[in-house]
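Okay, thanks for coming, everyone. Let me put the structure up on the screen, and then we'll walk through a few spots together.

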Amino acid sequence: MNIQRAQEIAASPELASVTYNGIQVYIQHVDEQKESARIFPLDEPQNEQEVPVTSLEEN
């Protein structure tokens, strides 16, 4: 995924189908400088992590 699309998804009120390593995730925030996204699995909101935006896939 690219930075612009990740930012659009993060800003949208709609829940997009995004995966990280095959796991459905929610994008909280996108850091343009670091080209990373703060995400968490939909079923584990306490398990936040920062990952490269390029490792996210939209389904």
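Have a look at Thr19: leaving aside residues up to four places away in sequence, Thr19 touches Gln24, Val25, Ser55, Leu56, Glu57 and Asn59. Just so you know, this is a predicted model. Thr19 itself sits in strand E1. So, is Thr19 buried or exposed? It's buried, because its relative accessible area is 10%, and buried means under 20%.

Okay, let's zoom out to the sheet. In what order do the strands come? There are five of them in an open sheet, and the order is E4-E3-E2-E1-E5, with antiparallel pairing. At the edges you've got strand E4, residues 49-52, and strand E5, residues 56-58, each of which pairs on one side only. Going from one strand to the next, the twist averages 50 degrees.

Strand E3, residues 36-41, pairs with E4 over four bridges, in the antiparallel sense.

Now the helix. Helix H1, residues 3-11, lies across strand E1 (18-20), strand E2 (23-31) and E5, and it runs at about 100 degrees to E2.

Last stop is the surface. Leu15, Tyr26 and Leu42 make a nonpolar surface patch of about 280 Å². Of those, Tyr26 belongs to strand E2. Tyr26 counts as partly exposed because its relative accessibility is 34%, which falls in between the 20% limit for buried and the 50% limit for exposed.

That's my tour, thanks!

Note on methods
Residues are numbered from 1 along each chain as its sequence is written. This is a predicted model: local features need pLDDT of at least 70, side-chain atom pairs count only at pLDDT 80 or more; totals for chains, interfaces and linings use all residues. Side-chain values use heavy atoms; hydrogens and water are left out. Two strands pair if DSSP finds at least two bridges between them. Helices (H or I, at least four residues) and strands (E, at least two) are DSSP runs, numbered from the N terminus. Axes are lines fitted to C-alpha atoms, for helices over the stretch in contact, and angles run from 0 to 180 degrees between N-to-C directions. Contact means heavy atoms within 4.5 Å. Buried means under 20% relative accessible area, exposed over 50%, partly exposed in between (1.4 Å probe, protein chains only). Patches are made of residues with over 30% relative accessible area and no salt bridge: like charges are joined within 9 Å, nonpolar side chains (Val, Leu, Ile, Met, Phe, Trp, Tyr) within 5 Å. Accessible areas come from the Shrake-Rupley method with a 1.4 Å probe; for residues, only the protein chains shown count as cover. A salt bridge is a side-chain nitrogen of Lys or Arg within 4 Å of a carboxyl oxygen of Asp or Glu.
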